Amino acid sequence: MKNILFVASESVPFIKTGGLADVVGSLPKCCDKENYDVRVMIPKYLCIKEKWRNEMTYISHFYMDYLGESRYVGILQYVYDGITFYFIDNEAYFGGAKPYGDWFYDLEKFSFFCNAALSALPVIGFKPDLIHCHDWQTGLIPVYLKDRFHDGEFFRDIKSVMTIHNLKFQGVWDVKTIQRFSMLPDSYFTPDKLEAYKDGNMLKGGIVYADAVTTVSQTYAEEIKLPFYGEGLDGLMRARANDLRGIVNGIDYVDFNPETDAYLAAPYNAKNFRKEKVKNKKALQEQVGLPVDEKKFLVGIVSRLTDQKGLDLIQGVMDELCAEDMQLIVLGTGDEKYENMFRHYDWKYHDRVSAQIYYSDELSHKIYGGCDAFLMPSLFEPCGLSQLMALRYGTVPIVRETGGLKDTVQAYNEYEGTGTGFSFINYNAHEMLNTINYAKSVYYGKKREWNKIIDRAMAQDFSWNTSAGKYQELYDWLIG
(Lines give C-alpha, C1' and ligand atoms only; values in the text may rest on other atoms or scores of the structure.)
Protein backbone atom coordinates (compact mmCIF):
# COMPACT_ATOMS: atom_id res chain seq x y z
CA MET A 1 0.00 0.00 0.00
CA LYS A 2 1.35 3.41 -0.99
CA ASN A 3 0.55 6.36 1.26
CA ILE A 4 -0.21 9.62 -0.55
CA LEU A 5 -1.01 12.92 1.18
CA PHE A 6 -2.60 15.81 -0.73
CA VAL A 7 -1.82 19.17 0.88
CA ALA A 8 -3.77 22.14 -0.44
CA SER A 9 -5.43 25.41 0.53
CA GLU A 10 -8.96 24.31 -0.42
CA SER A 11 -11.05 21.25 -1.23
CA VAL A 12 -14.68 20.44 -1.99
CA PRO A 13 -17.00 19.94 -0.21
CA PHE A 14 -15.49 22.02 2.62
CA ILE A 15 -14.18 25.18 0.98
CA LYS A 16 -14.02 26.26 -2.65
CA THR A 17 -12.98 29.38 -4.54
CA GLY A 18 -12.02 27.72 -7.83
CA GLY A 19 -11.16 24.59 -9.80
CA LEU A 20 -8.31 23.69 -7.43
CA ALA A 21 -10.87 22.64 -4.79
CA ASP A 22 -12.59 20.32 -7.30
CA VAL A 23 -9.31 18.58 -8.09
CA VAL A 24 -8.29 18.10 -4.45
CA GLY A 25 -11.74 16.82 -3.48
CA SER A 26 -12.41 14.56 -6.48
CA LEU A 27 -9.09 13.00 -7.46
CA PRO A 28 -8.43 11.01 -4.21
CA LYS A 29 -11.82 9.26 -4.55
CA CYS A 30 -10.82 7.88 -7.95
CA CYS A 31 -7.44 6.42 -6.96
CA ASP A 32 -7.27 2.66 -6.65
CA LYS A 33 -8.12 2.01 -2.98
CA GLU A 34 -6.37 -1.36 -2.93
CA ASN A 35 -2.96 0.08 -3.73
CA TYR A 36 -3.12 3.70 -2.56
CA ASP A 37 -4.15 5.23 0.73
CA VAL A 38 -4.81 8.83 -0.31
CA ARG A 39 -5.59 11.42 2.37
CA VAL A 40 -6.04 15.18 2.23
CA MET A 41 -4.86 18.01 4.50
CA ILE A 42 -6.23 21.57 4.35
CA PRO A 43 -6.54 24.48 6.81
CA LYS A 44 -9.53 24.54 9.17
CA TYR A 45 -10.97 27.89 8.10
CA LEU A 46 -13.61 29.49 10.26
CA CYS A 47 -15.52 30.19 7.04
CA ILE A 48 -16.07 26.45 6.46
CA LYS A 49 -19.80 25.85 6.99
CA GLU A 50 -20.69 25.17 10.58
CA LYS A 51 -22.30 21.81 9.79
CA TRP A 52 -18.91 20.51 8.56
CA ARG A 53 -16.95 22.06 11.42
CA ASN A 54 -19.29 20.58 14.03
CA GLU A 55 -18.78 17.07 12.69
CA MET A 56 -14.98 17.12 12.67
CA THR A 57 -13.24 14.92 15.23
CA TYR A 58 -10.46 16.41 17.35
CA ILE A 59 -7.30 14.26 17.10
CA SER A 60 -4.56 16.16 18.87
CA HIS A 61 -2.76 19.46 19.21
CA PHE A 62 0.77 20.69 19.82
CA TYR A 63 2.71 23.94 19.97
CA MET A 64 5.17 24.86 17.25
CA ASP A 65 7.84 27.52 17.19
CA TYR A 66 7.03 29.91 14.35
CA LEU A 67 8.49 33.41 13.88
CA GLY A 68 9.92 33.28 17.37
CA GLU A 69 6.65 32.46 19.09
CA SER A 70 5.08 29.26 20.32
CA ARG A 71 1.93 28.76 18.21
CA TYR A 72 -1.00 26.42 18.62
CA VAL A 73 -1.58 23.75 15.95
CA GLY A 74 -4.79 21.72 16.27
CA ILE A 75 -5.46 18.64 14.15
CA LEU A 76 -8.99 17.55 13.33
CA GLN A 77 -10.29 14.80 11.10
CA TYR A 78 -13.36 14.12 8.97
CA VAL A 79 -14.01 11.13 6.71
CA TYR A 80 -15.98 12.09 3.60
CA ASP A 81 -16.87 9.67 0.80
CA GLY A 82 -14.33 7.21 2.21
CA ILE A 83 -11.47 9.74 2.14
CA THR A 84 -9.80 10.95 5.36
CA PHE A 85 -9.45 14.72 5.54
CA TYR A 86 -7.19 16.36 8.13
CA PHE A 87 -7.68 19.99 9.14
CA ILE A 88 -4.93 22.17 10.58
CA ASP A 89 -6.42 24.52 13.16
CA ASN A 90 -5.14 27.91 14.28
CA GLU A 91 -7.82 30.57 14.61
CA ALA A 92 -5.36 33.45 14.48
CA TYR A 93 -4.38 32.40 10.93
CA PHE A 94 -7.50 30.73 9.56
CA GLY A 95 -10.20 32.84 11.18
CA GLY A 96 -11.13 35.25 8.36
CA ALA A 97 -14.40 35.51 6.47
CA LYS A 98 -12.81 33.93 3.38
CA PRO A 99 -9.80 31.72 2.75
CA TYR A 100 -7.71 34.36 0.95
CA GLY A 101 -7.76 38.11 1.11
CA ASP A 102 -4.69 40.09 2.02
CA TRP A 103 -1.71 39.00 -0.10
CA PHE A 104 0.88 39.86 2.52
CA TYR A 105 -0.99 38.08 5.28
CA ASP A 106 -1.69 35.08 3.03
CA LEU A 107 2.06 34.60 2.55
CA GLU A 108 2.59 34.35 6.32
CA LYS A 109 -0.53 32.21 6.80
CA PHE A 110 0.49 29.59 4.21
CA SER A 111 4.13 29.56 5.34
CA PHE A 112 2.78 28.67 8.77
CA PHE A 113 0.48 26.08 7.18
CA CYS A 114 3.38 24.35 5.34
CA ASN A 115 5.34 24.10 8.61
CA ALA A 116 2.32 22.93 10.59
CA ALA A 117 1.26 20.35 7.97
CA LEU A 118 4.64 18.61 8.05
CA SER A 119 4.98 18.90 11.84
CA ALA A 120 1.55 17.29 12.27
CA LEU A 121 2.42 14.09 10.40
CA PRO A 122 4.32 12.27 13.18
CA VAL A 123 1.56 13.33 15.59
CA ILE A 124 -1.20 11.67 13.53
CA GLY A 125 1.05 8.72 12.75
CA PHE A 126 0.48 8.86 8.99
CA LYS A 127 3.72 8.60 7.07
CA PRO A 128 3.23 9.45 3.39
CA ASP A 129 5.48 7.95 0.75
CA LEU A 130 4.66 11.01 -1.30
CA ILE A 131 3.20 14.45 -0.61
CA HIS A 132 1.23 15.93 -3.49
CA CYS A 133 1.38 19.74 -3.19
CA HIS A 134 -1.02 22.09 -4.98
CA ASP A 135 -0.18 25.66 -6.07
CA TRP A 136 1.93 28.30 -4.37
CA GLN A 137 0.21 27.98 -0.99
CA THR A 138 2.05 24.66 -0.49
CA GLY A 139 5.22 25.61 -2.39
CA LEU A 140 7.44 25.53 0.70
CA ILE A 141 6.71 21.86 1.49
CA PRO A 142 9.11 20.37 -1.14
CA VAL A 143 11.75 22.86 0.10
CA TYR A 144 11.27 21.89 3.76
CA LEU A 145 11.45 18.18 2.89
CA LYS A 146 14.96 18.83 1.55
CA ASP A 147 15.83 21.20 4.41
CA ARG A 148 14.75 21.27 8.05
CA PHE A 149 12.60 18.13 7.88
CA HIS A 150 15.20 16.15 5.97
CA ASP A 151 17.26 14.73 8.79
CA GLY A 152 14.51 13.15 10.86
CA GLU A 153 14.01 9.41 10.40
CA PHE A 154 10.28 10.00 9.75
CA PHE A 155 10.75 12.38 6.81
CA ARG A 156 13.86 11.04 5.14
CA ASP A 157 12.35 9.22 2.14
CA ILE A 158 9.22 11.27 1.50
CA LYS A 159 8.92 12.31 -2.13
CA SER A 160 7.00 15.36 -3.37
CA VAL A 161 5.02 16.35 -6.44
CA MET A 162 4.15 19.98 -7.19
CA THR A 163 1.02 20.60 -9.27
CA ILE A 164 0.61 24.02 -10.89
CA HIS A 165 -3.05 24.86 -11.37
CA ASN A 166 -2.39 28.42 -12.55
CA LEU A 167 1.13 29.77 -12.98
CA LYS A 168 -0.11 33.35 -12.69
CA PHE A 169 -0.26 33.07 -8.89
CA GLN A 170 3.17 32.44 -7.36
CA GLY A 171 3.37 33.75 -3.78
CA VAL A 172 5.86 36.56 -4.43
CA TRP A 173 7.14 39.30 -2.10
CA ASP A 174 10.54 40.82 -1.37
CA VAL A 175 13.26 38.36 -0.35
CA LYS A 176 13.45 39.64 3.22
CA THR A 177 9.74 39.00 3.82
CA ILE A 178 9.65 35.54 2.23
CA GLN A 179 12.81 34.60 4.09
CA ARG A 180 11.30 35.70 7.40
CA PHE A 181 8.00 33.84 6.84
CA SER A 182 9.68 30.69 5.52
CA MET A 183 12.45 30.75 8.17
CA LEU A 184 14.89 29.43 5.55
CA PRO A 185 18.62 30.31 5.57
CA ASP A 186 20.22 32.83 3.18
CA SER A 187 21.58 30.10 0.94
CA TYR A 188 18.05 29.39 -0.37
CA PHE A 189 17.59 32.87 -1.77
CA THR A 190 19.62 32.67 -4.96
CA PRO A 191 18.36 32.76 -8.58
CA ASP A 192 18.58 28.96 -8.89
CA LYS A 193 16.38 28.48 -5.79
CA LEU A 194 13.71 30.71 -4.24
CA GLU A 195 14.73 34.04 -5.69
CA ALA A 196 13.20 35.30 -8.94
CA TYR A 197 13.94 38.79 -10.31
CA LYS A 198 15.19 39.97 -6.89
CA ASP A 199 12.03 38.80 -5.11
CA GLY A 200 11.28 35.73 -3.02
CA ASN A 201 8.94 33.27 -4.75
CA MET A 202 7.23 30.41 -2.89
CA LEU A 203 5.92 28.57 -5.95
CA LYS A 204 9.37 28.69 -7.53
CA GLY A 205 10.76 26.96 -4.43
CA GLY A 206 8.22 24.18 -4.86
CA ILE A 207 9.04 23.75 -8.55
CA VAL A 208 12.81 23.69 -7.94
CA TYR A 209 12.71 21.21 -5.04
CA ALA A 210 9.82 18.87 -5.92
CA ASP A 211 10.73 15.45 -7.28
CA ALA A 212 8.25 15.95 -10.13
CA VAL A 213 6.12 18.81 -11.43
CA THR A 214 2.72 18.49 -13.06
CA THR A 215 0.25 20.89 -14.54
CA VAL A 216 -3.34 20.45 -15.55
CA SER A 217 -3.15 19.84 -19.30
CA GLN A 218 -0.64 18.67 -21.89
CA THR A 219 -0.78 21.88 -23.92
CA TYR A 220 -0.37 24.12 -20.85
CA ALA A 221 2.72 22.07 -19.88
CA GLU A 222 4.20 23.04 -23.27
CA GLU A 223 2.93 26.65 -23.19
CA ILE A 224 4.52 27.49 -19.84
CA LYS A 225 7.96 26.83 -21.34
CA LEU A 226 7.34 29.93 -23.51
CA PRO A 227 7.76 33.53 -22.32
CA PHE A 228 4.15 34.52 -23.12
CA TYR A 229 2.60 31.91 -20.81
CA GLY A 230 5.56 31.32 -18.48
CA GLU A 231 4.87 34.25 -16.12
CA GLY A 232 8.61 34.81 -15.72
CA LEU A 233 9.34 31.16 -14.90
CA ASP A 234 9.54 29.82 -18.48
CA GLY A 235 13.32 29.24 -18.14
CA LEU A 236 12.78 27.15 -15.02
CA MET A 237 9.98 25.18 -16.72
CA ARG A 238 12.34 24.43 -19.64
CA ALA A 239 15.03 23.37 -17.17
CA ARG A 240 12.60 20.97 -15.47
CA ALA A 241 11.10 19.74 -18.75
CA ASN A 242 12.11 16.10 -18.06
CA ASP A 243 10.22 16.11 -14.75
CA LEU A 244 7.21 18.05 -16.03
CA ARG A 245 4.05 16.40 -17.27
CA GLY A 246 0.58 17.64 -18.11
CA ILE A 247 -2.38 15.62 -16.83
CA VAL A 248 -5.76 17.01 -17.76
CA ASN A 249 -8.27 17.51 -14.93
CA GLY A 250 -11.50 15.58 -14.85
CA ILE A 251 -14.95 16.49 -13.57
CA ASP A 252 -17.16 14.58 -11.18
CA TYR A 253 -19.43 12.51 -13.42
CA VAL A 254 -21.88 11.96 -10.57
CA ASP A 255 -22.37 15.68 -9.86
CA PHE A 256 -22.40 16.56 -13.55
CA ASN A 257 -24.78 14.10 -15.15
CA PRO A 258 -27.64 15.39 -17.33
CA GLU A 259 -29.55 12.16 -16.71
CA THR A 260 -29.76 12.59 -12.91
CA ASP A 261 -29.24 16.35 -12.47
CA ALA A 262 -31.92 17.56 -10.05
CA TYR A 263 -31.49 21.17 -11.23
CA LEU A 264 -32.71 20.41 -14.75
CA ALA A 265 -36.34 20.81 -15.80
CA ALA A 266 -36.00 17.71 -17.99
CA PRO A 267 -33.19 15.20 -17.41
CA TYR A 268 -31.80 13.70 -20.64
CA ASN A 269 -29.03 11.48 -21.98
CA ALA A 270 -27.07 10.86 -25.17
CA LYS A 271 -29.96 8.87 -26.67
CA ASN A 272 -32.92 11.19 -26.03
CA PHE A 273 -31.36 14.69 -26.00
CA ARG A 274 -32.92 15.50 -29.40
CA LYS A 275 -36.34 15.53 -27.75
CA GLU A 276 -35.61 16.34 -24.11
CA LYS A 277 -32.79 18.93 -24.07
CA VAL A 278 -34.96 21.62 -25.63
CA LYS A 279 -37.29 21.54 -22.59
CA ASN A 280 -34.38 22.79 -20.48
CA LYS A 281 -33.75 25.53 -23.00
CA LYS A 282 -37.31 26.82 -22.75
CA ALA A 283 -37.29 26.64 -18.94
CA LEU A 284 -33.98 28.54 -18.86
CA GLN A 285 -35.18 31.25 -21.27
CA GLU A 286 -38.25 31.73 -19.12
CA GLN A 287 -36.27 31.85 -15.86
CA VAL A 288 -33.82 34.53 -17.04
CA GLY A 289 -36.39 36.64 -18.87
CA LEU A 290 -35.46 35.92 -22.49
CA PRO A 291 -38.20 35.37 -25.10
CA VAL A 292 -39.03 31.65 -25.06
CA ASP A 293 -38.09 30.38 -28.50
CA GLU A 294 -36.74 26.88 -28.90
CA LYS A 295 -35.41 27.61 -32.38
CA LYS A 296 -33.25 30.61 -31.42
CA PHE A 297 -29.50 29.86 -31.08
CA LEU A 298 -28.76 30.19 -27.33
CA VAL A 299 -25.14 30.69 -26.18
CA GLY A 300 -24.08 30.46 -22.53
CA ILE A 301 -21.11 31.84 -20.59
CA VAL A 302 -20.38 30.75 -17.01
CA SER A 303 -17.16 32.42 -15.93
CA ARG A 304 -15.17 34.61 -13.63
CA LEU A 305 -15.43 37.97 -15.36
CA THR A 306 -11.72 38.72 -15.78
CA ASP A 307 -9.27 39.50 -18.60
CA GLN A 308 -7.93 35.94 -18.54
CA LYS A 309 -11.29 34.66 -19.76
CA GLY A 310 -11.16 36.55 -23.06
CA LEU A 311 -13.96 38.95 -22.21
CA ASP A 312 -12.21 41.86 -23.92
CA LEU A 313 -12.70 39.93 -27.19
CA ILE A 314 -16.42 39.68 -26.45
CA GLN A 315 -16.50 43.38 -25.56
CA GLY A 316 -14.96 44.25 -28.93
CA VAL A 317 -17.72 42.59 -30.98
CA MET A 318 -20.66 42.70 -28.58
CA ASP A 319 -22.96 44.63 -30.93
CA GLU A 320 -22.33 42.15 -33.76
CA LEU A 321 -22.78 39.26 -31.31
CA CYS A 322 -26.21 40.51 -30.30
CA ALA A 323 -27.57 39.82 -33.77
CA GLU A 324 -31.26 39.11 -34.32
CA ASP A 325 -30.77 35.39 -34.60
CA MET A 326 -29.15 34.54 -31.27
CA GLN A 327 -29.46 34.89 -27.50
CA LEU A 328 -26.69 35.17 -24.92
CA ILE A 329 -26.83 34.35 -21.23
CA VAL A 330 -23.95 35.25 -18.90
CA LEU A 331 -23.47 34.05 -15.32
CA GLY A 332 -20.60 35.20 -13.12
CA THR A 333 -18.92 37.96 -11.16
CA GLY A 334 -15.55 39.64 -11.42
CA ASP A 335 -14.09 42.89 -12.72
CA GLU A 336 -16.48 45.79 -12.51
CA LYS A 337 -15.85 46.83 -16.12
CA TYR A 338 -17.12 43.45 -17.40
CA GLU A 339 -20.00 43.25 -14.92
CA ASN A 340 -21.16 46.68 -16.11
CA MET A 341 -20.59 45.86 -19.78
CA PHE A 342 -22.89 42.84 -19.60
CA ARG A 343 -25.47 44.79 -17.57
CA HIS A 344 -25.39 47.51 -20.25
CA TYR A 345 -26.01 45.06 -23.10
CA ASP A 346 -28.74 43.34 -21.08
CA TRP A 347 -30.42 46.77 -20.92
CA LYS A 348 -29.71 47.62 -24.58
CA TYR A 349 -30.73 44.24 -26.07
CA HIS A 350 -33.03 42.95 -23.39
CA ASP A 351 -34.68 40.41 -25.70
CA ARG A 352 -31.30 38.86 -26.60
CA VAL A 353 -28.92 39.25 -23.64
CA SER A 354 -29.44 38.15 -20.06
CA ALA A 355 -26.73 39.17 -17.56
CA GLN A 356 -26.86 37.29 -14.26
CA ILE A 357 -24.12 39.05 -12.29
CA TYR A 358 -23.80 36.74 -9.31
CA TYR A 359 -22.84 33.10 -8.89
CA SER A 360 -25.25 30.22 -8.55
CA ASP A 361 -24.41 26.55 -8.77
CA GLU A 362 -28.01 25.78 -9.68
CA LEU A 363 -28.19 28.28 -12.54
CA SER A 364 -24.81 27.11 -13.87
CA HIS A 365 -26.20 23.56 -14.23
CA LYS A 366 -29.28 24.96 -16.00
CA ILE A 367 -27.04 26.85 -18.44
CA TYR A 368 -24.98 23.72 -19.20
CA GLY A 369 -28.22 21.80 -19.68
CA GLY A 370 -30.24 24.41 -21.57
CA CYS A 371 -27.93 26.25 -23.96
CA ASP A 372 -27.06 25.20 -27.50
CA ALA A 373 -23.45 26.37 -27.31
CA PHE A 374 -20.99 27.44 -24.63
CA LEU A 375 -18.47 30.23 -25.23
CA MET A 376 -14.99 30.21 -23.66
CA PRO A 377 -12.50 32.42 -25.57
CA SER A 378 -9.74 32.44 -22.90
CA LEU A 379 -6.43 34.25 -23.25
CA PHE A 380 -4.87 31.34 -21.36
CA GLU A 381 -6.54 28.38 -19.66
CA PRO A 382 -4.38 25.88 -17.73
CA CYS A 383 -7.12 23.27 -17.91
CA GLY A 384 -10.61 24.71 -17.70
CA LEU A 385 -13.54 22.73 -16.34
CA SER A 386 -16.49 24.53 -17.90
CA GLN A 387 -15.83 23.13 -21.38
CA LEU A 388 -15.75 19.61 -19.89
CA MET A 389 -19.13 20.22 -18.26
CA ALA A 390 -20.48 21.62 -21.54
CA LEU A 391 -19.33 18.49 -23.42
CA ARG A 392 -20.92 16.26 -20.79
CA TYR A 393 -24.25 18.10 -21.22
CA GLY A 394 -24.09 18.16 -25.03
CA THR A 395 -23.76 21.95 -25.10
CA VAL A 396 -21.33 22.58 -27.94
CA PRO A 397 -18.18 24.44 -26.77
CA ILE A 398 -16.78 27.36 -28.76
CA VAL A 399 -13.24 27.91 -27.46
CA ARG A 400 -9.86 29.42 -28.21
CA GLU A 401 -7.12 26.86 -28.80
CA THR A 402 -5.05 27.31 -25.65
CA GLY A 403 -4.08 25.08 -22.72
CA GLY A 404 -6.70 22.57 -21.69
CA LEU A 405 -9.24 23.96 -24.15
CA LYS A 406 -7.06 22.80 -27.03
CA ASP A 407 -6.59 19.38 -25.42
CA THR A 408 -10.24 18.66 -24.70
CA VAL A 409 -12.28 20.24 -27.51
CA GLN A 410 -11.74 18.85 -31.00
CA ALA A 411 -12.60 21.38 -33.70
CA TYR A 412 -15.50 20.46 -36.01
CA ASN A 413 -14.40 19.39 -39.47
CA GLU A 414 -17.32 19.35 -41.89
CA TYR A 415 -15.38 17.38 -44.54
CA GLU A 416 -14.41 14.52 -42.26
CA GLY A 417 -17.48 14.64 -40.03
CA THR A 418 -15.37 14.87 -36.87
CA GLY A 419 -15.12 17.20 -33.90
CA THR A 420 -16.83 17.96 -30.60
CA GLY A 421 -16.95 21.76 -30.76
CA PHE A 422 -15.65 24.86 -32.54
CA SER A 423 -12.33 26.61 -31.97
CA PHE A 424 -10.20 29.49 -33.18
CA ILE A 425 -6.45 29.98 -32.83
CA ASN A 426 -5.50 33.66 -32.61
CA TYR A 427 -6.50 35.92 -29.76
CA ASN A 428 -8.58 38.11 -32.04
CA ALA A 429 -12.16 39.32 -31.62
CA HIS A 430 -13.16 38.93 -35.27
CA GLU A 431 -11.67 35.46 -35.50
CA MET A 432 -13.83 34.56 -32.48
CA LEU A 433 -16.88 36.21 -34.08
CA ASN A 434 -16.35 34.30 -37.33
CA THR A 435 -16.16 31.04 -35.38
CA ILE A 436 -19.40 31.82 -33.52
CA ASN A 437 -21.08 32.68 -36.83
CA TYR A 438 -19.80 29.43 -38.36
CA ALA A 439 -21.22 27.48 -35.41
CA LYS A 440 -24.51 29.35 -35.81
CA SER A 441 -24.65 28.51 -39.53
CA VAL A 442 -24.23 24.80 -38.74
CA TYR A 443 -26.89 25.04 -36.02
CA TYR A 444 -29.44 26.65 -38.36
CA GLY A 445 -28.45 25.12 -41.69
CA LYS A 446 -27.25 21.58 -40.88
CA LYS A 447 -29.22 20.41 -37.89
CA ARG A 448 -28.29 16.76 -38.38
CA GLU A 449 -24.59 17.67 -38.40
CA TRP A 450 -25.10 19.75 -35.25
CA ASN A 451 -26.70 16.80 -33.48
CA LYS A 452 -23.82 14.57 -34.52
CA ILE A 453 -21.40 17.04 -32.90
CA ILE A 454 -23.48 16.65 -29.71
CA ASP A 455 -23.35 12.85 -30.07
CA ARG A 456 -19.55 12.95 -30.21
CA ALA A 457 -19.33 15.49 -27.38
CA MET A 458 -21.45 13.40 -25.03
CA ALA A 459 -19.44 10.27 -25.89
CA GLN A 460 -16.22 11.86 -24.52
CA ASP A 461 -14.94 10.66 -21.15
CA PHE A 462 -13.43 13.37 -18.99
CA SER A 463 -14.28 11.71 -15.71
CA TRP A 464 -11.57 11.59 -13.05
CA ASN A 465 -10.86 7.90 -13.67
CA THR A 466 -8.66 8.57 -16.69
CA SER A 467 -6.64 11.27 -14.94
CA ALA A 468 -6.35 9.23 -11.73
CA GLY A 469 -4.68 6.46 -13.75
CA LYS A 470 -2.05 8.91 -15.00
CA TYR A 471 -1.38 10.28 -11.51
CA GLN A 472 -0.97 6.71 -10.24
CA GLU A 473 1.63 6.06 -12.94
CA LEU A 474 3.49 9.15 -11.75
CA TYR A 475 3.30 8.07 -8.08
CA ASP A 476 4.61 4.60 -8.97
CA TRP A 477 7.45 6.09 -10.99
CA LEU A 478 8.51 8.27 -8.03
CA ILE A 479 7.98 5.84 -5.17
CA GLY A 480 9.13 2.79 -7.11
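## A tour of salt bridges and a surface patch

In this predicted model, the count of salt bridges comes to 27.

Begin by selecting Arg 274 and Asp 455, whose side chains meet in a salt bridge with an N to O distance of 2.8 Å. Because Arg 274 belongs to helix α11 (residues 273-288) and Asp 455 to helix α19 (residues 447-459), this pair ties together parts that are 181 residues apart in sequence. Arg 274 is partly exposed at 43% relative accessibility, and Asp 455 is also partly exposed, with a relative accessible area of 28%.

Next, select Asp 325 and Lys 440, where another salt bridge is found at 2.9 Å, N to O. Asp 325 sits in the loop between α13 (318-321) and β14 (326-331), while Lys 440 is in helix α18 (residues 429-445), so the contact ties together parts that are 115 residues apart in sequence. Here Asp 325 counts as partly exposed at 30% relative accessibility, whereas Lys 440, at 6%, counts as buried.

Then move to helix α15 (residues 361-370), in which Glu 362 and Lys 366 are four residues apart and therefore separated by about one helical turn. Their closest N and O atoms are 3.2 Å apart in a salt bridge; Glu 362 is partly exposed at 37%, but Lys 366 is buried at 18%.

Finish with Trp 103, Phe 104, Phe 169 and Trp 173, which make a nonpolar surface patch of about 370 Å². Within this group, Phe 169 lies in the loop between β7 (159-164) and β8 (172-174) and counts as partly exposed at 40% relative accessibility.

Methods:
Residues numbered from 1 in each chain as written. Predicted model: local features only at pLDDT ≥ 70, side-chain atom pairs only at ≥ 80, totals over all residues. Heavy atoms only, no water. Patch = residues over 30% accessible without salt bridge, like charges linked within 9 Å, V, L, I, M, F, W, Y side chains within 5 Å. Areas by Shrake-Rupley, 256 points an atom, 1.4 Å probe, with all protein chains shown as cover. Salt bridge = Lys/Arg side-chain N within 4 Å of Asp/Glu carboxyl O. Helix = DSSP H or I, 4+ residues; strand = E, 2+ residues; numbered from the N terminus. Buried < 20%, exposed > 50% of the residue type's maximum accessible area, 1.4 Å probe, protein only.
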